[in-house]
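Please look over the model below before reading on. My notes follow as numbered points.

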Amino acid sequence: MTTDHLPEASAAPARGRPRDAARDRALMDATLAELQAHGYSGLTTAAVAKRAGVSTATLYRRWRSKEHLVVGAAQAWAEDLGPDTDHGSLRADLRALLHDKADALDGASGRLLRAVLGEAAHNRALADVLFEAFVLPLQNRVSALLDRAAGRGEIAPVEDPLVVGEMVIGPMVSHTFLIPHTPGASPGADMADRLLPYLLRALGAPAA
């Protein structure tokens, strides 16, 4: 995907008073809350402004449409997978990645992703920003840890690391979002532990 056509998330003028970071954060928090409560189709800029305690004029000075507002929220809540730390082995690196992914899915970025995935299926601008904010960070980290593992001689060089990234994303997202779970459970962490030995075997590394 590319983002060449993606409009700027903010339409704030270059001149005038500097933007209030606390107000921006309040609007992003309110956007996430409204998305969770009503989904993309039910979200209104008026409801977001009211929840954030600002006027709609203030909101529109920052984001000129509902789509721009949600794109801005996706960028603000981009998945934080933590640093790409070398843990000394493929098993340890993969385990850390899977649990970082589980934490992200259980947090604010996961809640936003759950709320907007349906809209992204037919909204190219939103789909592109989700790709940049949620898929690329994981793909880059997978590529780096596979390169390290090949350099250690644990596995043969992987020809298509993007497929390995998909093998992480697919089970983690489907298990967390699509399967009913007991309230308060940590489905992502459970799947992280269960998925690890299968990934290691697929890569030709010892599971134990």
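**Notes on the model**

1. The accessible surface of the chain is about 10600 Å², and carbon and sulfur atoms hold 54% of that surface. Areas come from the Shrake-Rupley method with a 1.4 Å probe, and for residues only the protein chains shown count as cover.

2. This is a predicted model: local features need pLDDT of at least 70, side-chain atom pairs count only at pLDDT 80 or more, and totals for chains, interfaces and linings use all residues. Numbering starts from 1 along each chain as its sequence is written, and side-chain values use heavy atoms, without hydrogens or water.

3. The chain has nine helices and zero strands. Helices (H or I, at least four residues) and strands (E, at least two) are DSSP runs, numbered from the N terminus. Of the 208 residues, 43% are buried (under 20% relative accessible area, 1.4 Å probe, protein chains only).

4. The largest nonpolar core has 59 residues. Such a core is a set of buried Ala, Val, Leu, Ile, Met, Phe, Trp, Tyr and Cys residues joined through side-chain atoms within 4.5 Å. Leu-90, Leu-112, Leu-126, Leu-130 and Met-172 have the most contacts inside this core. H7 gives the most to this core, eleven residues. Domain 1 (14-76) and domain 2 (90-202) each supply at least three residues; the bounds come from an automatic or database domain assignment.

5. Take Leu-126. Beyond its neighbours within four places in sequence, Leu-126 is in contact with Val-70, Val-71, Ala-74, Val-116, Glu-119 and Ala-120.

6. Does the length of H6 agree with 1.5 Å a residue, or disagree? It agrees: 13 residues should span 18 Å, and the end C-alpha atoms are 18 Å apart. The expected span is 1.5 Å times one less than the number of residues. H6 also has a kink of about 35°, centred on Arg-114. The bend is the angle between axes fitted to the seven residues ending at a residue and the seven starting there.

7. Buried residues of H6 include Leu-112, Leu-113, Val-116 and Glu-119. The buried residues of H6 pack against H1, H4, H5, H7 and H8.

8. Gly-110 lies in H6. Gly-110 is buried, with a relative accessible area of 1%. Leaving out residues up to four places away in sequence, Gly-110 touches Ala-104, Leu-105 and Phe-177. The C-alpha atoms of Gly-110 and Phe-177 are 9.0 Å apart, across 67 residues of chain.

How values were computed. Buried < 20%, exposed > 50% of the residue type's maximum accessible area, 1.4 Å probe, protein only. Contact = heavy atoms within 4.5 Å.
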